[in-house]
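Work through the exercises below with the sequence and the coordinates open. Each task is followed by its solution in steps.

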Amino acid sequence: MEKINFEEAMNELELSVRKLEAGNMSLDDSLLEFEKAIKLVKTCNERLEVAEQRVRMLTASLDGAVTDVPFALENEN
């Protein structure tokens, strides 16, 4: 899969989910779309892991201890 950012991957993943939920594709097409969705999930997870590592590095205190700083996602209630 080409290098795409998190937001692009999430948008493509949402589109894949909508296609699969519609239920109007053949089994072969559904499997191909599911495979694409799994790759997109992996891409999103990788991007999130990198972001988490960066946040940890940025919030590390001077003595080397890491301070976990919880943050809420925009869509969380």
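**Exercises on helix 1**

The buried residues of helix 1 are Ala 9, Leu 13 and Ser 16; buried means under 20% relative accessible area, exposed over 50%, with a 1.4 Å probe and protein chains only. Helices are DSSP runs of H or I, at least four residues, numbered from the N terminus. This is a predicted model, where local features need pLDDT of at least 70 and side-chain atom pairs pLDDT 80 or more, while totals for chains, interfaces and linings use all residues. Residues are numbered from 1 along each chain, and side-chain values use heavy atoms, without hydrogens and water.

**Task 1.** Determine how the buried residues of helix 1 are arranged around its axis.

*Solution.* Step 1: take the directions from the helix axis to the C-beta atoms. Step 2: for the buried residues these fall within an arc of 60°, so they line one face of helix 1. Step 3: the face turned away carries the exposed residues Glu 7, Asn 11, Arg 18, Glu 21 and Ala 22.

**Task 2.** Find what covers the buried residues of helix 1.

*Solution.* Step 1: the cover includes helix 2. Step 2: leaving aside neighbours within four places in sequence, Ala 37 is in contact (heavy atoms within 4.5 Å) with Leu 13 and Ser 16.

Methods: Helix = DSSP H or I, 4+ residues; strand = E, 2+ residues; numbered from the N terminus.
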